[in-house]
Amino acid sequence: MATENSNVSKAEEFKLLANKAFGARKYAQAIELYTKAIELNSQNAVYLANRAFAHLRREEYGSAIQDATEAIEVDPKYSKGYYRRGTAHLAMGKFKEALKDFQQVKKLCPNDPDATKKLKECEKAVMKLKFEEAIAVPESQRHSVAESIDFHTIDVEPQYSGARIEGDAVTLEFVKKMMDDFKNQKFLHKRYAFQIVLQTREILRALPSLVDINVPNGKHFTVCGDVHGQYYDLVNIFELNGLPSEDNPYLFNGDFVDRGSFSLEVILTLFALKCMSPSALYLARGNHESKNMNKIYGFEGEVRSKLNETFVELFAEVFCSLPLAHVINEKVFVVHGGLFSVDGVKLSDIRAIDRFCEPPEEGLMCELLWSDPQPLPGRGPSKRGVGLSFGADVTKRFLHENNLDLVVRSHEVKDEGYEIDHDGKLITVFSAPNYCDQMGNKGAFIRFEAPDLKPNIVTFSAVAHPNVKPMAYANNFLQLFS
C-alpha cells in the first residue's frame, strides 16, 4: 500500500513537471514526463489526455488518438478524452469520427460553449462533405480546369501598378518586383497569377515522378525543407543564400503552403522562379500539397480570399503534377516524408508511380509523403496516423539496395531546424523557423558541394512579418495552435 501511494505521489510530481514543460512549449519533454507519470499510475485519465494534448501540438495525431482512447477506456465520463480525440480526428480530416466525439463531449458537458461551437462546426463540415460526395463527378469524367483557362483574354486594368509579365517569359526583373510587392502586402494581378501557375503546370507535367539532378564538380546545390506559408522567412533564405539561378540551384522539398498565412505569396514566388529558370529550382510534393490538407489548414481559404474559386481548383490540379522525390548525383535521395513499409523498393519503382492524383491513404506514394524515422530498428505505426515509422536498419537497406549514400527528408519541425539520425545516414531539414509563430525553432537549409556532396547545414532564425496570424484562413474549428 505504501509503495502504491508513493507511486501515485511520484506520478503527480511528474505530471506537474510535464505541465510546466508544456507551458514552456517543450512538447517532446512534456511527453516524456507524462509517460513517466503514466508508467507509475496507468489508471489516470488526466495523464493520458494531457499526453494526447502534447502529441496534438507536435502534430502526432495518431498518437493523440491512441492516448485519448486509452483515457476514455480508463474513465468513460472524462470529457477531455473525447475532446482531444475529436480534435485529432478533425486535424486528420476525419470529420465523421470527430462528430461522434464532440457529440459525446456535448452530452457530458451540455453547457460548455466551446464544445457546442466545435460540434456545430463539425456538423457543418460533415454536411458539406456529404454534399460534395453527392455532386462529385467520377474521376474518368473530370475535365482539367487548366485547359479551360486562357489568361490572354484577361484584361489588366490601367490603374494596376504591380508587377507585369511582358509577353510569355517570366524574367528575373518581374520576379524581384513581384517579391517586393508581396513584401508590401500587395497582390499580383490574376492574369499573371494564371500565367505563372499554368506555365508551371506544363513544366511539372513533363517531369518523371523521381527526378535526377546533376550537380557538376565544384558547383553547389541547396535543399530546403517545409516553408509552410512563411513568406518573409522564404525571402530571408534568399537573402542569406542568394536567389535561385543556374549557378545557385535549389530544391524545395514540399509543404510550401498551409499553416502560415502567406502561402499564396510563397507558392507564386516558387512557381515564378521555376518558370524563370526550370533548372535553377526543383519542387517536390509534400503531404500538404493536397486537397484534404489545404481544405483544413488554410491554403484553400487563403486562395479563395485573395484570388477566387477557379484558382483553388487549379492549384489542386497542379499539385498533382509535382514530382515525389529527387536524387542528387545518384547518391543523395531527397523526399518529403520517408521510406516504405516493405523492403526491396527500387528507384525504378518510384519512377513508375502514377502521381497525377490526390495522395492515397496507403502504398508507396502515401509513404513517400507521410512517413517518419524512428530511433528503434524495424518499423512501427505512424505517430501521425498515416504512413509509418522506420528505423536505421530500414534506411541502411534502402540506401545499400539503391547504391545511395544519404536520405534527406523534411516533414517534421526540429528545434535546430535539422536533425541527423540513423547513424548519419538520414537528415531531416525544416525551413520554417518559429513554426506557426509558436514553436521557437530555428530553420535550416543544406548546401551540398560536388563531387563529395558533404552536407553543410546552415541554420537561421525567424524574421518579423506583418500582423496576420498563422491559420488566419483555416477552418474555424481547427485553431489548434491558438
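**Close-up 1. Helices α9 and α11 cross with left-handed geometry.** In this predicted model, the near helix is turned anticlockwise from the far one by less than a right angle, as a left-handed crossing requires.

**Close-up 2. Residues in the α9–α11 contact.** Helix α9 contributes Ala193, Ile196, Val197, Gln199, Thr200, Ile203 and Leu204 (heavy atoms within 4.5 Å). Helix α11 contributes Leu268, Phe271, Ala272, Lys274 and Cys275. By class, nine are nonpolar, two polar and one charged. Ala, Val, Leu, Ile, Met, Phe, Trp, Tyr, Cys and Pro count as nonpolar, Asp, Glu, Lys and Arg as charged, and the others, Gly among them, as polar.

**Close-up 3. Glu147 and Arg201 form a salt bridge.** The N to O distance is 3.5 Å (cut-off: a side-chain nitrogen of Lys or Arg within 4 Å of a carboxyl oxygen of Asp or Glu). Glu147 lies in the loop between α7 (113–135) and α8 (172–183), and Arg201 in helix α9, 54 residues apart. The model has 31 salt bridges by this rule.

**Notes.** Residues are numbered from 1 along each chain as its sequence is written. Local features need pLDDT of at least 70, side-chain atom pairs count only at pLDDT 80 or more, totals for chains, interfaces and linings use all residues, and side-chain values use heavy atoms, leaving out hydrogens and water.

Definitions and conventions. Helix = DSSP H or I, 4+ residues; strand = E, 2+ residues; numbered from the N terminus.
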